[in-house]
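Thanks for coming, everyone. Have a look at the screen, and I will walk you through it.

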Amino acid sequence: MFEKSTWIRLPRNVVVGHGVRNEVLGVVNDLHLQGRPLFVTSPTPREVAADPIAADFEAAGIEPAIVTIERATFEAVERVIEVAEAEDVSYLVGIGGGKAIDIAKLASHHLDMGFLSVPTAASHDGIVSNRGSVPDGDSRHSVAAEPPLAVVADTGILADAPWELTTAGCADIISNYTAVMDWRLAQRLKDVEYSEYAAALSEMTAEILVDNADLIRPGLEESAWVVTKALMSSGVAMSIAGSSRPASGAEHLFSHQLDRLAPDAALHGHQVGVGSILTAYLHQGGDGIWRDIRDALSSIDAPTTADDLGIGDETVIEALTTCHEIRDRYTILGDGMNERAARDVATKTGVID
Ligand SMILES: NC(=O)C1=CN([C@@H]2O[C@H](COP(=O)(O)OP(=O)(O)OC[C@H]3O[C@@H](n4cnc5c(N)ncnc54)[C@H](OP(=O)(O)O)[C@@H]3O)[C@@H](O)[C@H]2O)C=CC1
Ligand SMILES: O=C(CO)COP(=O)(O)O
Ligand SMILES: [Zn+2]
């Protein structure tokens, strides 16, 4: 008897375009959300978007509660939950980059409330996904969470954000190539659950982005449009898979370890991009696609070396040799690289001198 079942949860409304910041209230009405919202944001996105959106709500007679978080931590999730309970809110709106959206997503899951995703930077592919990514001591959890009921992505805001945030989003997408290689490897060696549809969507998203690399230029609002669509598509791949596997392999483990070894040195997307150069080489050797990944990153001004990331060569080696321990996710790193092998791949790919 065939007993397999799946439950894919996706946003009901996706609104993308110039000036759609003004549509958040309309989306709330369309979803029949009642009561008071809690806006979860971080310092810069608060100024850029959360305060103006709050003014729209106030003009309509709804006074949002607002909580501003500084870092993506489980303590921040708890704080948001406490504020939500104290302020008697009915739904959440995550307004910001990856940290604000992840925290809103996790808190809404805990509270069993809907949430809206309002990205202010095209910097990560968690905009739509049903996963939250939070560091916890020596490990980093990819936690099942509430997917957004709706996404409102204002390309005007995204295009005005610092250019490096957009190149970080591109690099997060380009890293899908190696994430899918790791996923297929884990399926072959460890029989992990695998979805061909999610893998194909994730790879195709990276391919479309690379094919449109010439449209991705600073100051062009069309760039924000191209990148945001790719970020959403990658998030949908994660939701179809019910895991971050289509978009997170060993290159993400490398980045998560850098977050511990060199906090705030570089953006998530930039770190995973450099990780992807390294792990593509590990998968396929010198003749494989590592050069294409490096050239694609370089063509959009994303970092390709330790220097570009602002970290030392030894930090790269430490991250490479230890990041397999971060979580129980089988990748090309297997049970860990030794130092000589790590130095070899990092030197041959030009990531370190
Ligand atoms: N759940 C998922 O599936 C995924 C989750 N992630 C997670 O997302 C996070 C990375 O996202 P990322 O967006 O890089 O991180 P942040 O949310 O930390 O944002 C990066 C920086 O951009 C700033 N910023 C955001 N919007 C604007 C704007 N419009 N103008 C100027 N500055 C702005 C933030 O300012 P400020 O410091 O003031 O807030 C911050 O300094 C990581 O925690 C990662 O693990 C990434 C991919 C997928
Ligand atoms: O960043 C992600 C996908 O781009 C997902 O992050 P995790 O590695 O925490 O699952
Ligand atoms: Zn990522």
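Let me start with one residue. Leaving aside its neighbours within four places in sequence, which residues is aspartate 154 in contact with? The answer is Gly19, Val20 and Arg21. Keep in mind that this is a predicted model.

Stay with aspartate 154 for a moment. Its place is in strand 8. Is aspartate 154 buried or exposed? Aspartate 154 counts as buried, because it has 26 C-beta neighbours inside 10 Å, and the cut-off for buried is 20 or more. Now go along the chain to glutamate 164. Aspartate 154 and glutamate 164 are 10 residues apart in sequence. In space, their C-alpha atoms are 18 Å apart.

Now zoom out to the whole protein. There are 15 helices and 8 strands. The radius of gyration is 20 Å, close to the 20 Å that the globule rule gives for 353 residues, so the protein is as compact as a globular protein of that length. Along the principal axes, the C-alpha atoms fill a box of roughly 65 × 55 × 35 Å. Of the 353 residues, 54% count as buried. What about contacts? Take those with a separation of 6 or more: residues 24 or more positions apart account for 77% of them.

Next, the domains. The domain assignment gives domain 1, residues 13–160, and domain 2, residues 163–348. Their centres, taken over C-alpha atoms, are separated by 25 Å. How many residues does the contact take from each domain? It takes 26 residues from domain 1 and 29 residues from domain 2. On the domain 1 side, the elements giving two or more residues are strand 1, strand 6, strand 7, strand 8 and helix 5. Helix 5 has the largest share of that side, with 4 residues. By class, the domain 1 side has 12 nonpolar, 11 polar and 3 charged residues.

On to the inside. In soluble globular proteins, nonpolar side chains tend to be buried together. Here, the largest nonpolar core has 112 residues. Which of them touch the most other members? They are Val40, Leu92, Ile103, Ile174 and Leu278. Helix 9, residues 221–241, gives the largest share of this core, 11 residues. The core draws at least three residues from each of domain 1 and domain 2. Take valine 40 as an example. Beyond four places in sequence, its contacts include Val67, Ile69, Val80, Leu92 and Ile103.

Last, the ligands. Ligand 1 has 32 residues around it. Ser42, Thr44, Gly97, Gly98 and Gly126 come nearest. Helix 2, helix 4, strand 6 and helix 6 each give two or more residues to this shell. Its classes are 13 nonpolar, 14 polar and 5 charged.

Then ligand 2. The residues around ligand 2 include Asp125, Arg131, Ser133, Asp172 and His252. Strand 6 and strand 7 each supply at least two residues of this shell. How does the shell around ligand 2 divide by class? It has 1 nonpolar, 5 polar and 4 charged residues. Once again, domain 1 and domain 2 each give at least three residues.

Strand 6 gives residues to the shell around ligand 1, to the shell around ligand 2, and to the side of domain 1 that touches domain 2. Find that strand on the screen, then follow the rest from there.

Conventions: Residues numbered from 1 in each chain as written. Chains lettered and ligands numbered in written order. Predicted model: local features only at pLDDT ≥ 70, side-chain atom pairs only at ≥ 80, totals over all residues. Near = placed C-beta within 6 Å. Nonpolar A, V, L, I, M, F, W, Y, C, P; charged D, E, K, R; others polar. Rg over C-alpha atoms; globule rule 2.2 N^0.38 Å. Buried ≥ 20, exposed ≤ 12 C-beta atoms within 10 Å, placed from the backbone. Contact = placed C-beta atoms within 7 Å. Core = buried A, V, L, I, M, F, W, Y, C linked by C-beta atoms within 7 Å. Domains from an automatic or database assignment.
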